[in-house]
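Visitor: I would like to know what stands behind each label. Please show me the model.

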Amino acid sequence: MISALPEETDAEHRALFAALVESLPEPAWLVDSASLRIATVNRAAERLLGLERASLLGRGARSLAATPEDLAFWDQVADGGDPRIHSDTLVLRADGLPVPVTRHVTPLADGTLRWLLVTLHDRSEQRRTEAERDTVIAELRATLESTADGILVTDLVGRIQAFNRRFAQLWGLPAELLQRRDDAAIHAWMTRSVEDPQGYAKRLAAIQEATLLHSRDRLRLHSGHVLERVTLPQWSNGRPTGRVYSFRDQSEKLAADQRIEALAHTDALTGVPNRHQLTHRLAYALALARRDGTPFALLHVDLDRFRQINDSFGSGIGDRVLIETSERVLRCLREVDMLARIGGDSFVVLIHHADARGAETTARRVLEVMAQPFTFEDTPFTVTCSIGIALYPGDAMSADALLRHAEAAMRGAKEGSRGGFRFHQPRVEVDLRSRMRLDHAMRQALAQKHFRVHYQPQIDLQSGQIIGTEALLRWRDAELGEVPPAEFIPVAEESGFIVAIGEWVLDRAVRQAADWLAQGWRMPVSVNVSALQFRQPAFVDGVAAVLAAHGLPAELLELELTESILLRDADGALQRVQALAERGVRLAIDDFGTGYSSLGYLKRLPISRLKIDRSFVAGLPADASDAGIVRAVMQLAQALRLRVVAEGVETPAQRQFLRDVGCDEYQGFLYAAALDSSAFEQRLVPQLAERLQ
Ligand code: C2E
Ligand code: MG
Ligand code: MG
């Protein structure tokens, strides 16, 4: 366009070019290509260089060059070289400060005149922003480096934008790979490093797809390290622009956690799981068994007489026995089974997929390895164990119940012969069921008059005469047959029904004695009183009312109370006993010797007889301790002036012994068991006839 200008004078041309240069928005000047001096300059250039137009016009273009490159350029132009250049350079301002510029030099030809147009683009602003950006980046880098986490920043498609050294270190990235900055190679390296490359790749793809996802997960590397990965979206101007991944090495923390976990779950001495762990495993086994219907077994293994080992060899040896026991038992188990130590010398074995046969096989194997002698410090000794077995689902459905059953069965094994095993016997549950049945049947028996009272004669040891009788309750159930009082009385005591039964027996016995009296037989009758019955507030009045109703003199009734009844609520019992005695009712202490009544207490009681429990009579006369007890009771009774009745006399030798030590009376099968009233009367008649003779 410039070259198309019509030929004019130099001066006119210069003025025209000056106007054109002036109109350019950026700093610019024209250099005469022959003299290489500035011919015209615009205001923007004046401002940039800080120089007046006057001082610039006619000045050598070279004098404004601030870099060796520019000096060389102008020298080369002076030598007739290419006058074109386009590059970033510096120009010197008047105050000596270099200004960064992009500089264009373009030759313009116009007839004879040749011009070089120099235009500048001031890059100060751009340089400032660039410098600022560099600072920010440097700061960012420093921040990245200063975190303990490995950081990786990518854009939305996964191109790597930045990472820190910790990142490279955690992933073990080789320096060569980092220098190459080959994103694909770095990603491939990471994928190869994890234990589950497929899972990793899938997860990474999912993360990248969900731009806004915040997530936290764990990666296991082949190196054994475990990295926690947190990923967050990176935001810029309110838009997600990429993703920041931070990686933290969790290996040490995990190892520490595992150690703590292991400690909390293992028995410190033997290293096998403890009760805590057993509970967990048992819950798991139950869940599995419920789902799949597979049975399993629990063995409670308890060492026999472990205390003796501790006492005679010291607890050091005791500890070694426990350790070796756990090793021996472990040898009998499969990999999937479990041994736990749940207390001093108690172990529990959990056997998966085992029924009674499987449990028994394992139990026998354990007994076998335990039968091998232990040798510590050259002293061989044998430690046996007892095993109780509970089975799921046969014995119980809950962990607690299974553990309880196995332990109870172990106790059963100990009671039998130590060094054996025993299966759980569902006694408790059956008991409970039969208790309820018994209670129900008892109530019906009373209503339907199925109870009877029998009378056991009491014999004077000197004269051999029947001097009294004990009323004993009898019950024959249509289904259950003859039910002994020892079985149903405790059930009746528990349910409270004993009160009704007791009143009935009392009424029957008093009526019987009154009948006999009416026939001319003064036959004192003894009635057993249970604890609950005795504690009834109306008990004393009730007894008096029964006596009055049948017209029996109070001294023909004796109440049998046990020591425990008298000891419980001793003051209340004393008052009641005194009230009865005041009315003339006699009192006997039943089953004497089995309780703990003190001489002092007995002295305060208005009692007339002691009944020596039959358990002390059984061993007479041979058993020295039974004989000693009976003698002691005799001395006590003599001191307190009480008569003594021996119960359960079955042999003439027992009777002889009792007679020799001064016992007054006895009752027992030797003379007669409890008899119904007519049988009793038949035994009585000859005696009365004898007396009459
Ligand atoms: P107890 O009061 O000590 O009664 C004595 C028990 O010994 C009776 O058992 C009797 O049958 C039994 N006996 C008597 N002679 C011999 C013998 O020579 N050898 C052996 N081995 N046993 C003998 P029974 O009738 O089975 O009564 C057991 C317990 O039940 C009684 O012990 C008593 O505590 C209670 N009992 C019985 N009837 C009643 C009752 O009407 N009311 C209350 N509250 N308890 C009763
Ligand atoms: Mg009795
Ligand atoms: Mg008794």
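Visitor: Where does Arg-123 lie?
Guide: Arg-123 lies in the loop between E5 and helix H5 (124–146). Helices (H or I, at least four residues) and strands (E, at least two) are DSSP runs, numbered from the N terminus. This is a predicted model: local features need pLDDT of at least 70, side-chain atom pairs count only at pLDDT 80 or more, and totals for chains, interfaces and linings use all residues. Residues are numbered from 1 along each chain as its sequence is written, chains are lettered from A and ligands numbered from 1 in the order in which they are written, and side-chain values use heavy atoms, with hydrogens and water left out.

Visitor: Why does Arg-123 count as buried?
Guide: Buried means under 20% relative accessible area, exposed over 50%, partly exposed in between (1.4 Å probe, protein chains only). Arg-123 has 10% relative accessibility, so the label is buried.

Visitor: Which residues is Arg-123 in contact with, leaving aside its neighbours within four places in sequence?
Guide: Contact means heavy atoms within 4.5 Å. With those neighbours left aside, Arg-123 is in contact with Asp-88, Pro-100, Val-101, Thr-102 and Glu-130.

Visitor: Which residues coordinate the magnesium ion (ligand 2)?
Guide: Donors are N, O and S atoms within 2.8 Å of the metal (3.2 Å for Na, K and Ca); water is not among the atoms, so sites may look incomplete. Glu-470 (OE), Asn-528 (OD1), Glu-560 (OE) and Asp-590 (OD) coordinate this ion at 2.0 to 2.4 Å. Their spacing in sequence is E-x57-N-x31-E-x29-D.

Visitor: Why does the pair Asn-528 and Glu-560 tie together parts of the sequence?
Guide: Asn-528 is in strand E21 (residues 525–528) and Glu-560 in strand E22 (residues 557–562), so the pair joins parts 32 residues apart in sequence. Asn-528 is at 29% relative accessibility, so it counts as partly exposed. Glu-560 has a relative accessible area of 1%, so it is buried.

Visitor: What coordinates the magnesium ion (ligand 3)?
Guide: Asp-590 (OD), Asp-591 (OD), Glu-647 (OE) and Glu-647 (OE) do, at 2.1 to 2.5 Å. These donors follow the spacing D-D-x55-E along the chain. Asp-591 sits in strand E23 (residues 586–592), and Glu-647 in the loop between strand E25 (643–646) and helix H26 (652–660), 56 residues apart.

Visitor: Which residue bridges the magnesium ion (ligand 2) and the magnesium ion (ligand 3)?
Guide: Asp-590 does, and the ions lie 3.9 Å apart.

Visitor: Why is Asp-591 called partly exposed, and why is Glu-647 called buried?
Guide: Asp-591 has a relative accessible area of 25%, so it is partly exposed. Glu-647 has 9%, so it is buried.

Visitor: What is the phi of Asp-591?
Guide: Phi is about 50°, a positive value, although Asp-591 is not a glycine. His-353 also has a positive phi, near 50°. Most residues other than glycine have a negative phi, and most peptide bonds are trans.

Visitor: Which peptide bond has omega near 5°?
Guide: The bond from Tyr-392 to Pro-393, which is cis. A cis bond also joins Leu-620 and Pro-621, with omega about 0°.

Visitor: What makes a nonpolar core, and which residues of the largest one touch the most other members?
Guide: A nonpolar core is a set of buried Ala, Val, Leu, Ile, Met, Phe, Trp, Tyr and Cys residues joined through side-chain atoms within 4.5 Å. The largest has 90 residues, and Phe-451, Leu-557 and Leu-559 touch the most other members. Helix H18 (residues 498–518) gives the largest share of this core, eleven residues.

Visitor: How much space lies in the largest pocket?
Guide: About 970 Å³. On a 1 Å grid over the protein atoms alone, a cavity is a set of points where a 1.4 Å probe fits but cannot get out, and a pocket is an open set with protein on both sides within 12 Å along at least five of seven lines; lining residues have an atom within 4 Å of a point. Grid points are joined across faces, edges and corners, and a volume is the space filled by probe spheres set on the points. The pocket has 32 lining residues, with Glu-470, Leu-472, Pro-485, Asn-528 and Arg-614 nearest its centre.

Visitor: How many cavities of 30 Å³ or more are there?
Guide: The count is four. The largest cavity has a volume of about 100 Å³.
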